[in-house]
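Please open the structure in a viewer and follow the selections below in order.

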Amino acid sequence: MSTSTDIVTDDITPLSAVASDPSAIETATRREHLAWIDVRGVADHLRDALVQAAIHHRISGIVSDDPDLLADLPPTVRRVLAATGASVDADVAATVDVVLGAHSGDDENVIVDAGPSAEAGVHVVVSDADTLRHACETVRRAPWTVLTFTDPTKIPLEIVIAAAENSGGRTVTVVNDIEDAEIVKLVLEHGSDGLLLSPRSADDVATLAEVIRPSADRIELSELTVTKVEHIGMGERACIDTCSLLEKDEGCLIGSFSTGMFLSCSETHPLPYMPTRPFRWNAGAVHSYVLVPDNRTRYVSELQAGQPILAIRSTGEVREVRIGRVKIERRPLISVSATAPDGRKVNVIAQDDWHVRLLGPGGSVNNVTDLKPGDKLLGYAPEESRHVGLPITEFCDER
């Protein structure tokens, strides 16, 4: 029986054909954002700290050329062995999850035979048209492709991600630092499947884990019942213009009280005398709270270009969008009061104009000037109060 497995170039089945069973195909093509760290060449004292930080922060994988280090890792971490030669000992391959070979020179479509218990991976350095072509071929054939790009442009990564679509293989992109990781995650909306960082400290590991952690993708909306509508005179209100095109039933959560917010409607519906602006919310008065990522609120008057805000659909689906501009102007204001299902009172103050709208059940669109007691609207009524934008359990009476 052979004690090693050779790198092979033939008989590699394309991953798009791994199974005819629909459930198997679904499993093969499922995507998730992963975080790997590379501990090769790191001093022993720092390496131990990085490994412990990776375990603590649930980093997805650790890359090393030391099989003994990988063998000691818990099963919650993917053990990625960087092959140092043209072959890998079969007994060693049996102790890891991924065997990562390297493409170099004229060796085309080289994929390590990782044996029956591990998966094969290829590291491709993309520096020109030929290596980009090789990367596109590899992602369609290898279970794992680690990508290093020598140029700062993200266009080659976009091309490789497109080539990997529906292949079943996963891409892990080497990133230079945390800022680079945040950008790579978002390339072509879903980004690379994974990020590989050589961390300089345990803090880098913690921050990388935060970058790939998914934000809440749903929020539980409540049905609010309108109790009072008042025209209250002049004040300052804000329009929030985003860097995204919003859906017809998509809005932001905004309100006068931290314990109750209304789902405002974007300007995606027809207006008299002016075109629609599907990137905008005519949000509300400047004192209003608005819901942003990480379950935080901010005052509308504090928002600035480039900051994130949550866009919420009438079904409760949530996504993060970026602010392009906040425009504050003096306008007539209208106050809308309502009650939540548990009896709590909520309020929003918006511009007093027909074209300002709030969303109701089923995505219904309600002009604020047409609202009357008994009308139903959608909103969010968390149990916690807020202190400096963070939820906190304490007595708080907002009126």
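Colour the chain by pLDDT, the predictor's confidence in each residue, from 0 to 100: the chain averages 81, and 81% of the residues score at least 70. This is a predicted model, in which local features need pLDDT of at least 70 and side-chain atom pairs count only at pLDDT 80 or more, while totals for chains, interfaces and linings use all residues. Residues are numbered from 1 along each chain as its sequence is written, and side-chain values use heavy atoms, with hydrogens and water left out.

Select residues 1-31, where pLDDT stays under 50 and the model has 56 contacts (heavy atoms within 4.5 Å) beyond four places in sequence. Over residues 385-395 pLDDT also stays under 50, with 24 such contacts.

Next, select Ile37, Ile59, Ile62, Val160, Leu195 and Leu208. These residues have the most contacts inside the largest nonpolar core, which has 47 residues. A nonpolar core is a set of buried Ala, Val, Leu, Ile, Met, Phe, Trp, Tyr and Cys residues joined through side-chain atoms within 4.5 Å; buried means under 20% relative accessible area (1.4 Å probe, protein chains only). Apart from this core lies another, of 31 residues, including Ala283 and Ile334.

Finally, select Ser222 in strand 12 (residues 222-242). Ser222 is buried, at 18% relative accessible area. Leaving out residues up to four places away in sequence, Ser222 touches Pro341, Leu377, Leu378, Gly379 and Ala381.

Technical notes: Buried means under 20% relative accessible area, exposed over 50%, partly exposed in between (1.4 Å probe, protein chains only). Helices (H or I, at least four residues) and strands (E, at least two) are DSSP runs, numbered from the N terminus.
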